Amino acid sequence: MTSLANHQPLTTNHCLIRIWAVLLRHLYLYPKSASRIMEIFYWPVLDLLVWGFLTLYIVQHPNGISRFSGYLLGAMIFWDMLFRSQQAISISFLEEVWSRNLLNLFTSPLKPIEFLLATMTLSFVKLLTAGAVTVFLAWAFFSFNLFKMGTYLFPFVLNLVAMGWAVGIVTTAIILRYGERAEVMAWGLALLIQPFAAVFYPVSVLPWFLKPVALALPATYIFEGMREVLMAGNLNPKQIWIPTLLNGFYLFMAFLFFKMMFQSARIHGRLTKLGE
Amino acid sequence: MADLIVRVQDLTKKFENTVAVDNISLEIGSGEIVGLLGPNGAGKTTLIHMLLGILLPSQGSIQIFGLDLASHREEILAHANFSSAYVMMPMSLSPWQNLNVFAKLYNIPHSGEKIEWALKKMEIWDLKDRATRGLSSGQISRLNLAKAILNDPELLLLDEPTASMDPDIADKTRRILKEIQKEHRMTILYTSHNMAEVETMAERVFFLNKGKIVAEGSPKELQNKFNQGTLEEVFLKIART
């Protein structure tokens with residue numbers, strides 16, 4: 001039998017080498033992965049923008065703090081609706097990738113559009129369930145009644161869900177194109193919109209060059225509309241029809257983009273690589 | 001040849017600078033069991049993926065059941081099915097739940113009875129309510145096969161279906177597949193690296209190498225043609241030339 005008696009004892013040096021080995025295993029990933037490099041900067045920059053613009057709004061309107069607290073919870077609940085409806089679509093797709101079930105699904109008569117419609121329905125059901133709980137908790141613990149928005153609530157929620165769907169479909173299409181490298185999109189793409197969608201502060205706070213970006217987002221009109229309703233009790237109808245039109249356009253483009261990426265995945269064999 | 005089920009003409013698949021399938025033409029008749037053999041990277045799986053429509057050919061055409069795959073994909077897939085040792089099912093669902101999802105996807109009437117039939121055929125009925133993650137790899141392969149026979153497919157494409165099974169279970173599975181094939185006059189095209197399995201199962205074999213069909217015939221014909229005693233020796237001769 002071999003004896004370990006003559007072997008050199010393990011030193012701190014060995015320990016450092018093993019730490020370096022694990023570190024190296026992760027560092028190897030970065031030069032080849034733009035998404036990983038981007039991720040290092042992505043979250044801090046987004047957080048900085050959201051909280052920076054919010055601070056700016058508070059500084060510019062020192063007397064508006066009480067109004068601000070009145071709609072902060074509404075903004076959070078609404079934002080969560082958009083974010084969750086996007087996530088439900090992308091995560092449903094990723095779950096098929098993770099469980100290596102994608103080939104089973106797409107070798108059945110299932111059409112890609114049917115897959116998307118199923119994930120959209122799932123997202124709506126999840127959202128209604130989660131929404132009911134958060135709305136109740138906001139009322140029970142913080143006396144915030146989302147139903148103060150009356151009949152406006154219905155088009156507001158539908159528009160947020162529709163925008164979440166569009167972002168979710170685009171995210172899924174990007175994952176189809178770039179594979180699991182783009183998984184971070186499932187968590188991050190909707191958040192990219194947050195600083196510009198006037199979630200916690202009005203569009204007027206944004207610098208001039210970002211205003212066109214904000215006005216191109218359907219969610220901006222909903223968050224502006226929500227503040228208008230909560231503060232004034234009424235709403236300019238354009239806060240409903242502009243996002244509805246924009247959402248119709250974006251959803252159409254998202255479906256088209258997904259179709260293109262699905263076709264491209266079938267040409268380049270990405271569907272089989274993702275599914276195996 | 002009996003009624004044509006699969007007709008492939010001048011099929012080519014290029015990936016950037018690689019030609020995975022190179023100008024292949026083949027025909028498979030109704031009720032045939034055809035083996036697709038070849039070394040790794042020969043183009044077997046690429047061909048199966050093209051027959052399933054999840055990979056588009058660079059050139060050539062595929063007709064299945066007399067229909068063009070490019071324009072009738074969903075109709076064709078409703079009457080075909082697929083199983084691979086490398087494809088899984090959601091692990092947190094039970095075998096019964098997984099098959100119920102596929103029964104809906106294939107629009108199978110009386111799905112409950114059909115699921116019971118498929119699970120019993122594959123001898124995993126007693127595992128129907130257990131989470132799939134609790135199954136062994138051989139049991140998961142049989143679950144995949146249960147999915148593959150669920151819609152009584154007229155065409156069954158199998159990519160190394162017995163790869164993760166022990167010899168006993170693999171033998172049982174082959175017998176079950178042959179039995180079902182006879183009952184339903186199913187056409188089966190499958191790949192395997194197990195030459196003995198191919199000899200037992202396939203009436204006709206296509207040998208692929210570097211994307212081309214280099215030999216075709218019954219296992220016996222191929223042994224005679226290449227002057228070798230077994231299909232394995234034929235395989236080695238072709239792979240090493």
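**View 1. Where chain B meets chain A.** The contact brings together 21 residues of chain B and 18 residues of chain A; two residues are in contact if their C-beta atoms, placed from the backbone, lie within 7 Å. Helix 2 (73–78), strand 6 (80–84) and helix 3 (95–105) of chain B each give at least two residues to the side of chain B that touches chain A. Helices (H or I, at least four residues) and strands (E, at least two) are DSSP runs, numbered from the N terminus. With three residues, helix 2 of chain B makes the largest contribution to that side.

A word on what you are looking at: this is a predicted model, in which local features need pLDDT of at least 70 and side-chain atom pairs count only at pLDDT 80 or more, while totals for chains, interfaces and linings use all residues. Residues are numbered from 1 along each chain as its sequence is written, and chains are lettered from A and ligands numbered from 1 in the order in which they are written.

**View 2. The open sheet of chain B.** Six strands line up in the order 6-7-8-3-9-10 (chain B), with mixed pairing; two strands pair if DSSP finds at least two bridges between them. At the edges are strand 6 and strand 10 (212–217) of chain B, each pairing on one side only. Look next for strand 7 (residues 155–159) of chain B, which runs parallel to strand 8 of chain B and is joined to it by five bridges. Here Asp159(B) stands opposite Thr191(B) of strand 8.

**View 3. Strand 3 of chain B and its two partners.** Four bridges tie strand 3 of chain B to strand 8 (residues 187–191), and the two run parallel. Strand 3 of chain B also runs parallel to strand 9 (residues 204–209), again with four bridges.

View 4. Why is strand 3 (residues 33–37) of chain B largely enclosed by the rest of the structure? Five of its five residues are buried, so the structure around the strand largely encloses it. A residue is buried if 20 or more other C-beta atoms lie within 10 Å of its own, with C-beta atoms placed from the backbone. In a regular strand the side chains alternate between the two faces of the sheet. On one side you find Ile33(B), Gly35(B) and Leu37(B), and on the other Val34(B) and Leu36(B), all of them buried.

Note on methods
A residue is buried if 20 or more other C-beta atoms lie within 10 Å of its own, exposed if 12 or fewer, and partly exposed in between; C-beta atoms are placed from the backbone.
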